[in-house]
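I opened my notebook to see what could be looked up in this structure. Here is what I wrote down as I went.

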Amino acid sequence: MKRVTIKIEGKEYDINLKNDFAQALETELEKELPPYENNSIKELLQAYLKKCYDCYVLEQKLQKLLKKFPN
C-alpha cells in the first residue's frame, strides 16, 4: 500500500492505495492538481469531470471496437 496526499483548500487528505494504482493516480493528478499547492474545490471538481469525460470517451471507443467482433 502507498499513501497519496491531496491538498484541498488548506487541508491534506491521505489516501492509501495499492502501489501500482497509487503511482498511476499520482501521475494523473499532477497534470491537473499540483501535489504541493493549495488546490480549490473547483479545481478538484474540474479534474474529476475531465477524468469522467476521458472514461466516457474510452467507453465509447471500446463499445465501437466490440461491435466489430462476432458474438
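The entries below go from one spot to the next.

**Before starting.** I noted that this is a predicted model.

**Entry: asparagine 39.** I began in the loop between helix 1 (19-32) and helix 2, where asparagine 39 has its place. Is asparagine 39 buried or exposed? I found it buried, with a relative accessible area of 3%; the cut-off for buried is under 20%. Next I looked at what its side chain reaches. The backbone oxygen of lysine 7 is 3.2 Å away from the side chain of asparagine 39. A polar atom of that side chain also lies 3.1 Å from the backbone oxygen of proline 34. Leaving aside neighbours within four places in sequence, I listed the contacts of asparagine 39 as Lys7, Ile8, Glu9, Leu33 and Pro34.

**Entry: alanine 47.** I moved on to helix 2, residues 41-66, where alanine 47 sits. Alanine 47 is buried too, at 9% relative accessible area, which is under the 20% cut-off. Which residues does alanine 47 contact, leaving aside its neighbours within four places in sequence? I wrote down Glu32 and Leu33. I also looked up leucine 29, which is 18 residues from alanine 47 along the chain, and found 7.9 Å between their C-alpha atoms.

**Entry: glutamate 59.** I stayed in helix 2 for glutamate 59. This residue is partly exposed, with a relative accessible area of 38%. From glutamate 59 to tyrosine 36 I counted 23 residues in sequence, and their C-alpha atoms are 32 Å apart in space.

**Entry: the cysteines.** I reminded myself that a disulfide is a covalent bond between the sulfur atoms of two cysteines. How many disulfides does a search of the whole structure find? The search finds 0. I checked cysteine 52 to see why: its closest cysteine sulfur is in cysteine 55, 6.6 Å away, and that is too far for a bond. A disulfide needs the two sulfur atoms within 2.5 Å. I also noted that cysteine 52 is partly exposed, at 34% relative accessible area.

**Entry: salt bridges.** My count here is 5 salt bridges. In one of them, the side chains of glutamate 26 and lysine 2 meet at 2.9 Å, N to O. Glutamate 26 lies in helix 1 and lysine 2 in strand 1 (residues 2-8), so this pair ties together parts that are 24 residues apart in sequence. Lysine 2 is partly exposed, with a relative accessible area of 28%.

I then looked at glutamate 28 and lysine 31, whose closest N and O atoms are 3.1 Å apart in a salt bridge. They are 3 residues apart in helix 1, which means about one helical turn separates them. Glutamate 28 is partly exposed at 29% relative accessible area, whereas lysine 31 counts as exposed at 56%.

Aspartate 54 and lysine 51 form a salt bridge as well, with closest N and O atoms 3.4 Å apart. Both lie in helix 2, 3 residues apart, about one turn of the helix. Salt bridges with shared partners join Glu28, Lys31, Lys50, Lys51 and Asp54 into one network.

**Entry: a nonpolar patch.** Which residues make the nonpolar surface patch of about 380 Å²? I found Leu62, Leu65, Leu66 and Phe69. I looked up leucine 66 by itself: it lies in helix 2 and counts as partly exposed, at 44% relative accessibility.

Definitions and conventions
Residues numbered from 1 in each chain as written. Predicted model: local features only at pLDDT ≥ 70, side-chain atom pairs only at ≥ 80, totals over all residues. Heavy atoms only, no water. Helix = DSSP H or I, 4+ residues; strand = E, 2+ residues; numbered from the N terminus. Buried < 20%, exposed > 50% of the residue type's maximum accessible area, 1.4 Å probe, protein only. Contact = heavy atoms within 4.5 Å. Patch = residues over 30% accessible without salt bridge, like charges linked within 9 Å, V, L, I, M, F, W, Y side chains within 5 Å. Areas by Shrake-Rupley, 256 points an atom, 1.4 Å probe, with all protein chains shown as cover. Salt bridge = Lys/Arg side-chain N within 4 Å of Asp/Glu carboxyl O. Polar contact = N/O pair within 3.5 Å; in protein donor to acceptor, adjacent residues only side chain to side chain.
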